[in-house]
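Welcome! Have a look at the protein below, and then let us walk through some of its features together.

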Amino acid sequence: MPEIETNHRDSELFSPPSDVRGMTELDRTAFKKTVTIPVLKVRKEVVNKLMRSLKRAALQRPGIKRVIEDPEDEEGRLIMLDPYKMFTVDSFEKEELSILKQLNVNPQISKYNLDLTYENFKSEEILRAVLPEGQDVTSGFSRVGHIAHLNLRDHQLPYKHLIGQVMIDKNPGITSAVNKINNIDNTYRNFEMEVLSGEENMMTKVRENNYTYEFDFSKVYWNPRLSTEHSRITELLKPGDVLFDVFAGVGPFAIPAAKKNCTVFANDLNPESHKWLLHNCKLNKVDQKVKVFNLDGKDFLQGPVREELMQQLGPLSKERKHSVHIVMNLPAKAIEFLSAFKALLDGQPCGSELLPIVHCYSFSKDANPAKDVQQRAGTVLGISLEACSSVHLVRNVAPNKEMLCITFQIPAAILYKNQTVNRDNHEDPPLKRQRTDKDF
Ligand SMILES: C[S@@+](CC[C@H](N)C(=O)[O-])C[C@H]1O[C@@H](n2cnc3c(N)ncnc32)[C@H](O)[C@@H]1O
């Protein structure tokens, strides 16, 4: 085996063969390729000692063994070296040469013909080789249990089945790849999706913040990017608090809250979400603590929520020390539902410290999204919320589109019948200053 003399860097070395460009149906055999790799010939008994010192110089590729048998010598081994770093004896660093000397290894670098297959390429390398040159190949996806949920761009669509299969092949545990067909603008916020490759079965199981959820992903809403928000709200709750979850989905606010010993009323209009919500309450052993409803959000607020608030905030409420929280996570529409709080309750208003705390989600494309959400929520309620609410940025949904959560106590003047509302700056005493998340 002659020593490699050139230090020419071949950037195409680990790219799949060029004739896979334009492939729309995955042919794994077309990815076979032979590359010449620098290797170091050593005796098998020094391999372990040597590998610790040759971390920098050794080849690092998925699925490629760094040490193989020497085809010319039964007692010998070949250590694969990084072809971008190792060209001649001079490529070794001083310390590496000294270890080689200590172990009596000849530092001469030889060549070895290595056969690469589909298994040895990373998903991005495969897609970059297949899709049209110069176009974006982002291979990112949201993982929901065994499902990879992709959001492909138009130029990627001719390759959608191949992309789906590559995602399955290259990500252990993923056995199905789906693509979002349109934006979630249907009532139940579930995606219309097409199975690109793998299992058609959308029944899945996920873990979020130590709780388990099971559901049919094709029929309900689930977004793994909301896990931090789910725990942020759960952490605001204290044992004994009451939580009304108006748009509960399959339970990611309701179940952790119930586990914290809160009393939970959880609602969703989608019969499938309602079914899986009930199921997940049992699965997480909180079915005794969660009352589950299948109503329109407005009917839920004006029915079960009203009834419970009349009791919770009634004359006996003076002894009550627990807070009432109302979560409204339907960002495209939840602000409209705030009107249901207007004159919801009869009788004498409760103490201001007992007034329910609303966490209402919204999208905004405004240059000042926090102010935009405060203004829109305030307009629905007929008051100014700017001085008495906090707005939390949940996540960036798309370029120039944010998801936010506005949190405020519902003023008694809004919640109770026959109250006078000061529209500019309502007069409930504890609401005069800007609240921070820590206040709740
Ligand atoms: C954005 S998802 C949020 C689900 C869950 N809270 C979460 O964080 O994952 C909104 C939920 O509201 C439900 N929904 C949509 N319109 C509704 C309405 N008018 N009344 C009650 N629920 C509704 C959908 O079925 C969906 O499960």
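Is Asp 346 buried, partly exposed or exposed? Asp 346 counts as partly exposed, because its relative accessibility is 33%. Here buried means under 20% relative accessible area, exposed means over 50%, and partly exposed lies in between, with a 1.4 Å probe and protein chains only.

Before going on, please keep in mind that this is a predicted model, in which local features need pLDDT of at least 70, side-chain atom pairs count only at pLDDT 80 or more, and totals for chains, interfaces and linings use all residues. Residues are numbered from 1 along each chain as its sequence is written, and side-chain values use heavy atoms, with hydrogens and water left out.

**Salt bridges**

Side chains of opposite charge can pair when their charged atoms come close. A salt bridge is counted when a side-chain nitrogen of Lys or Arg is within 4 Å of a carboxyl oxygen of Asp or Glu. By this rule there are 20 salt bridges. Here are three of them:

| Glu 75 | Lys 44 | 3.8 Å |

Asp 346 sits in the loop between α9 and β15, while Arg 306 belongs to helix α8, so their pair ties together parts that are 40 residues apart in sequence. Helices (H or I, at least four residues) and strands (E, at least two) are DSSP runs, numbered from the N terminus. Another network of salt bridges with shared partners joins Lys 41, Asp 70 and Glu 72.

**Strands side by side**

Two strands pair if DSSP finds at least two bridges between them. Strand β3 (residues 73-80) pairs in the antiparallel sense with β1 (residues 33-43) over five bridges, and Val 39 stands opposite Met 80 of β3. Strand β2 (residues 67-70) also pairs with β3 in the antiparallel sense, over four bridges. In that pairing, Ile 68 has Leu 78 as its bridge partner, and a hairpin of two residues joins β2 to β3.

**The nonpolar cores**

A nonpolar core is a set of buried Ala, Val, Leu, Ile, Met, Phe, Trp, Tyr and Cys residues joined through side-chain atoms within 4.5 Å. The largest one has 41 residues, and those touching the most other members include Phe 244, Met 328 and Phe 341. Among the elements that supply at least two residues each are α8 (297-312), β14 (324-328) and β15 (357-364). Helix α8 gives the most, with four residues. A second, separate core has 38 residues, including Val 144 and Leu 226.

**Positions from a record**

UniProt, in an unreviewed entry, places the feature "binding site" at positions including His 230 and Gly 297. Such annotations may be inferred rather than shown by experiment. His 230 is in helix α5 and counts as buried because its relative accessibility is 4%. Leaving aside neighbours within four places in sequence, His 230 is in contact (heavy atoms within 4.5 Å) with Glu 208, Asn 209, Pro 252 and Phe 253. Gly 297 lies in helix α8 and is buried, with a relative accessible area of 4%. Not counting residues up to four places away in sequence, Gly 297 touches Val 246, Phe 247, Asn 267 and Phe 337.
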